Amino acid sequence: MVVGLSKRFVLVCPTRQEQFGSKMGIDIQKHHVKKGNRTAPKSEDPYLLLLVKLYRFLARRTDSAFNKTILHRLFLSKTNRPPLSLSRIVKETENAPDRDSKIIVTVGTVTDDVRLLEVPKLSIAALRFTQAAKERILKAGGEVLTLDQLALRAPTGSNTILLRGKRNTREAVKHFGMGPHKHKKPYTISKGRKFERARGRRKSRGFKV
């Protein structure tokens, strides 16, 4: 667009189309659609809120992706912060080089596993520990850390191994998606002669799985 100011001066302005491109307007499909990601925890636990305050600061003031990950996981619901057993920790870290000098980090609960006969010396930082898990780690000469102690020891997450538990091993998940030939766990009181032997369990009653 050319605007004539006088005989000597000419002002050349870009047109709206040149400046912003040909495609403009409101995204109708995604208009007013809120993001589903949490930006704060739903819990009102004061200790959790203090941890969020600490890791919000670290995520903002350091370039570490580790701190951003920890902060995001602190926001999650309990089902999305599944527990992690000692046996799973040992299995996942057995091939890690120089494991003894590293801190294993999980944003969740560390539980005991009686099937694990021998617990190696481990340094673990977590939201919480069950009593039995804590006793076994300390008895093996290991270390039990809270996440605020971890922030002092490794403010950028260096020399750590970040783990999380499996989300879909809950009892409730085994029942989801029940239907013919889906091999899902039925909600049944018992497995006797009188229980769940009608439709779906006999050819004469619809179908048989």
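Visitor: Does Thr 62 count as buried or exposed?
Guide: The model is predicted, so local features need pLDDT of at least 70 and side-chain atom pairs count only at pLDDT 80 or more, while totals for chains, interfaces and linings use all residues. Residues are numbered from 1 along each chain as its sequence is written, and side-chain values use heavy atoms, leaving out hydrogens and water. Buried means under 20% relative accessible area, exposed over 50% and partly exposed in between, with a 1.4 Å probe and protein chains only. Because its relative accessibility is 17%, Thr 62 counts as buried.

Visitor: Which backbone oxygen lies 2.4 Å from a polar atom of the Thr 62 side chain?
Guide: Thr 62 sits in the loop between α2 (46-61) and α3 (65-75); helices (H or I, at least four residues) and strands (E, at least two) are DSSP runs, numbered from the N terminus. Leaving aside neighbours within four places in sequence, Thr 62 is in contact (heavy atoms within 4.5 Å) with Asn 67, Lys 68 and Thr 156. The oxygen at 2.4 Å from its side chain belongs to Leu 58.

Visitor: Is Ser 123 buried or exposed?
Guide: Ser 123 is found in strand β5, residues 123-129. Its relative accessible area is 14%, and therefore Ser 123 is buried.

Visitor: With which side chain does that of Ser 123 make a polar contact of 3.1 Å?
Guide: Not counting residues up to four places away in sequence, Ser 123 touches Lys 102, Ile 103, Ile 104 and Glu 143. A polar contact is a pair of N or O atoms within 3.5 Å; within protein, one must be able to donate a hydrogen and the other to accept it, and residues adjacent in sequence count only if both atoms are side-chain atoms. The partner of the Ser 123 side chain at 3.1 Å is Glu 143.

Visitor: What is the volume of the largest cavity?
Guide: On a 1 Å grid over the protein atoms alone, a cavity is a set of points where a 1.4 Å probe fits but cannot get out, and lining residues have an atom within 4 Å of a point. The structure holds one cavity of 30 Å³ or more. The lining of the largest cavity includes Arg 73, Leu 76, Thr 106 and Arg 167. Its volume is about 80 Å³.

Visitor: How many helices and strands does the chain have?
Guide: From the N terminus on, the elements run β-β-α-α-α-β-α-β-β-α-β-α-β. Of the 209 residues, 28% count as buried. The chain has six helices and seven strands.

Note on methods
On a 1 Å grid over the protein atoms alone, a cavity is a set of points where a 1.4 Å probe fits but cannot get out, and a pocket is an open set with protein on both sides within 12 Å along at least five of seven lines; lining residues have an atom within 4 Å of a point. Grid points are joined across faces, edges and corners, and a volume is the space filled by probe spheres set on the points.
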